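Please keep the sequence and the coordinates at hand while reading.

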Amino acid sequence: VSPAELERHAERLLAAHALPAGDARTVAALLGRSAARRQNTGDVLFREGDSAQDLLFLLEGRARVLKRDHAGRDREIGSWYPPAVLGGLAVVDGAPRSATCVIAAPSVVAALDSETARRLLGEASAEGAHLRWLLLATAAETLADTTLHLREALAAAPQVGTSEGGKPELDILHALIERAQT
Amino acid sequence: MAPQGGEADATAREYLKELCRKYGAGEGMDAYIEELLSLVKPRRAEAGEVLTREGDAAEGAFLVVAGRLRASVQVDKQDRIVNEALEGEIIGEAGIFMTGARRSATLTAAAPTTYLVLGRELFRASATNPAVIATEQHLLRTLVRRIANTDSLVTRAWREAAPGGRSALDGLSLLLGGGA
């Protein structure tokens, strides 16, 4: 992947995450630290339950997301399209991967190893700041979209209550779980 | 509105010192913390005070330094509590990173509360300030923990809701699990 391509990908990443003040050259340098590689259909980026080895930038192509169902079978729940940051959450909190990601079309992926990513997250550098902003923006978008879905669930389940002293948002999910079980 | 200034400033200063220690910024952070507090004035609200309403323009996230904030939404003309933020927690994060966002809930102080409103200007202006970096790291960890907790619950619901078939929870699982 050439430097010019990396800068084009960096511009798309910044635009996708509403970071107009971000500097594309800095993000391109961040991508340059990563191992950019072409991936073929069927390649597994990571599996549910794996420890987080790297933070991935999907720059071209498509990745399918699968989760194990109640019987332990992988079931597709959707796809990610570029530009997307994948696996950032497991890198931040050190938790195992919560889903499996498989390449669904010829793709370009840049992988930043976990150790470098964690060091950059605490670093007073332009690259560190841009990595923090990218992950913060990704997390904020995830939570905003989740809120929208939960609002729809709330509207569909108006009788759901909350328990005294509990976390109401979690109570709603618990109630949805109970509804699903009945 | 509750009196602002002195007490809220002192509470926020101590909280930020602790945050700097927690994220390895070390001691001697006073000047950096003062720079941060010159950009983000600590505020205090009494119990019952409304900080922002559902539908308002979202400009900044609320970091609870002490006390408790409650988020509620209107469903069928009734207030429904959808979230609470305790000391050290953050709420309204869409206001930092999503341009043109509107508040998805009304925020009310559920107890006397000291808080900071973190705007995107803070992060742009002070990318090399260790106190700001510690605040960013805390913000990131807090959001990641919330996503992980929600994902765990949604995954459980998803597995039990639609064995073998598609479920309305697929979308949620993708959102949460996609960050993986």
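Which residues does Phe57(A) touch, not counting residues up to four places away in sequence?

## Basis of the description

This is a predicted model, in which local features need pLDDT of at least 70 and side-chain atom pairs count only at pLDDT 80 or more, while totals for chains, interfaces and linings use all residues. Residues are numbered from 1 along each chain as its sequence is written, chains are lettered from A and ligands numbered from 1 in the order in which they are written, and side-chain values use heavy atoms, with hydrogens and water left out.

## Nonpolar cores

With contact taken as heavy atoms within 4.5 Å, Phe57(A) touches Leu13(A), Leu31(A), Ser34(A), Ala84(A), Val85(A), Val108(A), Val109(A), Ala110(A), Leu112(A), Leu131(A) and Leu134(A), leaving aside residues up to four places away in sequence.

A nonpolar core is a set of buried Ala, Val, Leu, Ile, Met, Phe, Trp, Tyr and Cys residues joined through side-chain atoms within 4.5 Å, where buried means under 20% relative accessible area, exposed over 50%, and partly exposed in between (1.4 Å probe, protein chains only). The largest such core has 65 residues, and those with the most contacts inside it are Leu55(A), Phe57(A), Leu131(A), Phe97(B) and Leu116(B). Helix α5 (residues 126-156) of chain A gives the most to this core, with 10 residues. Apart from it lies another core, of 16 residues, which includes Phe62(B), Val64(B), Val82(B) and Ala105(B).

## Strand β6 of chain A

Helices (H or I, at least four residues) and strands (E, at least two) are DSSP runs, numbered from the N terminus, and two strands pair if DSSP finds at least two bridges between them. In strand β6 (residues 100-113) of chain A, 11 of the 14 residues are buried, so this strand is largely enclosed by the rest of the structure.

Strand β3 (residues 54-68) of chain A is joined to β6(A) by 11 bridges in the antiparallel sense, and Arg64(A) has Val102(A) as its bridge partner there. Strand β1 (residues 35-39) of chain A pairs with β6(A) over five bridges, again antiparallel, with Arg38(A) standing opposite Val108(A). Strand β2 (residues 44-46) of chain A also runs antiparallel to β6(A), to which two bridges join it, and the partner of Val44(A) in β6(A) is Val102(A).

## Two open sheets in chain B

One open sheet of four strands has the order β1-β8-β3-β6 (chain B), with antiparallel pairing. Its edges are β1 (43-45) and β6 (90-91) of chain B, each with a single partner strand, so one side of each is left without a neighbour in the sheet. Three bridges link β1(B) to strand β8 (residues 113-118) of chain B, and Arg43(B) is partnered by Tyr115(B) in β8(B). Helix α1 (residues 6-22) of chain B lies across β1, β3 (61-66) and β8 of chain B, at about 95° to β3(B); axes are lines fitted to C-alpha atoms, for helices over the stretch in contact, and angles run from 0 to 180 degrees between N-to-C directions.

Another open sheet, also antiparallel, has four strands in the order β2-β7-β4-β5 (chain B). Here β2 (50-52) and β5 (78-85) of chain B stand at the edges with a single partner strand each, so each has one side without a neighbour in the sheet. Neighbouring strands of this sheet are turned by 35° against each other on average, direction ignored. Two bridges pair β2(B) with strand β7 (residues 106-109) of chain B, in which Leu107(B) is the bridge partner of Thr52(B).

## Cysteines

The structure holds zero disulfides over all chains, a disulfide being a pair of cysteine sulfur atoms within 2.5 Å. Cys101(A) counts as buried because its relative accessibility is 1%, and Cys20(B) is buried with a relative accessible area of 1%.
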